[in-house]
Amino acid sequence: MTAQHEPTPDSRRLPWLLDLPAMDAARFAAVEDKAAAVLHTTGDVVTMQGEALLPLESCIRSAAGPGTTALNVITGPYGETFGTWLRSTGAHVVTLDVPSSRAVTPDEIAGALAEHPAIDFVSLVHAEAATGNTNPVDAIGPLVRAHGALLMVDAVASVGAEPVLTDEWGIDLCVIGGQKALAGPAGVSVTSVSERAWERIAANTRAPRGSYLSLLDWKSRWIEPGRTALPHAPAQLEMLALEQALDRIAAEGLPAAHARHAATARALRAGVRRLPGVGCYVVEDAHAAPAATTLTAPDGTDARTLTADLLAADPSLPLQTATGTDGPVLRVNHYGAAAGLPTVLDTLAALARATAPDAPDVLEAARAAAESAWEDAR
Ligand SMILES: *Cc1c(COP(=O)(O)O)cnc(C)c1O
């Protein structure tokens, strides 16, 4: 080592993020068990060392191929991506395109399954943080199971914000990440894999093997030998952050975390209905995701401009612009630490200032409606 690589006195005082004991197999398996509890599954889980798009792509490439007929349900942007991956495996894809201002209905799923008896794989997003809707997986799961198809669900934006009952609902491949309502890291993701899914994947000669996209590698190198030796160095910091997020939500209690997110969505929607011109993009409360609410801007105002104006006035608001079926909408990301009444009241105040600056009573009415809905929902 040359002199210029010696740590300077200053650098010695900086924290050593990696000055940690190595994460061993037992600790890694314990984090997986905590994730399985949140997923309500007693089956296998695989913890891929990447953002949720890694296991989502992996599930599709593992389970689908040229012989597959897939029903791909599109209620937001992730469904579009699933369709692209499915087609690239050679699968025949039946698309059920639903306006993103509502949820898909169980009847629409039943209709598609009846019309295309060959469907043997269904991909569905549970909650869409991007468009603010949530789909009734509890009712859809049994329909898919009765049809004999595998069900893959993207629960990244629902886990921690609303129940995800993997085994009870009959989800075969359920993908979660920490970055939304768990208030955790984005860099590692957990997937539940049912026995039926393992059988289908093992029978798929094109399923990734010897690949970073491979679920089968995790099965043969990690699960089957009893989770005693990690196949490669884990993303230690991300795993520790996920563990902390799972511990935090367990300490709060899942039902309490779900109630907090649901009450936030209800309160925001109730308050927004008192603001002239601003609308709830997802029409029905029952279809609205507890993790995020999408709003339409007053006529003549572009949602992108409104988002920028609100953020200029209060950069701490959890806002961004999303793309709905008919154009841009304002998206309020009230998940994790942001799920609570303060986010609702701050957002309403900013919206009222921007859209009804000369009507202080409008904000008062919106606040009162939000507070009352918050109380009712809790
Ligand atoms: C957030 C999210 C993901 C993960 O995507 P990022 O944008 O990388 O966080 C996947 N699926 C859904 C439905 C999501 O909301």
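1. R331 is listed by UniProt under "binding site", from an unreviewed entry. UniProt positions follow the numbering used here, feature names are shortened, and annotations may be inferred rather than shown by experiment. The model is predicted: local features need pLDDT of at least 70, side-chain atom pairs count only at pLDDT 80 or more, and totals for chains, interfaces and linings use all residues. Residues are numbered from 1 along each chain as its sequence is written, and side-chain values use heavy atoms, with hydrogens and water left out.

2. R331 sits in strand β13, residues 327-332. Helices (H or I, at least four residues) and strands (E, at least two) are DSSP runs, numbered from the N terminus. R331 counts as buried because its relative accessibility is 9%. Buried means under 20% relative accessible area, exposed over 50%, partly exposed in between (1.4 Å probe, protein chains only).

3. Residues up to four places away in sequence aside, R331 touches A129, A130, K180, T293, T294, P318, L319, Q320 and A322. Contact means heavy atoms within 4.5 Å.

4. K180 carries the UniProt annotation "modified residue: N6-(pyridoxal phosphate)lysine", again from an unreviewed entry. K180 lies in the loop between β8 (173-177) and β9 (189-193). At 12% relative accessibility, K180 is buried. Its contacts, leaving aside neighbours within four places in sequence, are A129, V156, A157, R331, Y335 and G336.

5. S220 is in helix α9, residues 215-223. Its relative accessibility is 40%, so S220 counts as partly exposed. From S220 to P231 is 11 residues in sequence and 9.8 Å in space, C-alpha to C-alpha.

6. Now the overall fold. The protein has 14 helices and 13 strands. The C-alpha trace spans about 70 × 65 × 35 Å along its principal axes.

7. Of the 378 residues, 56% are buried. Among contacts between residues at least 6 apart in sequence, 69% join residues at least 24 apart.

8. The protein exposes about 15900 Å², with carbon and sulfur atoms supplying 55% of it. Accessible areas come from the Shrake-Rupley method with a 1.4 Å probe; for residues, only the protein chains shown count as cover.
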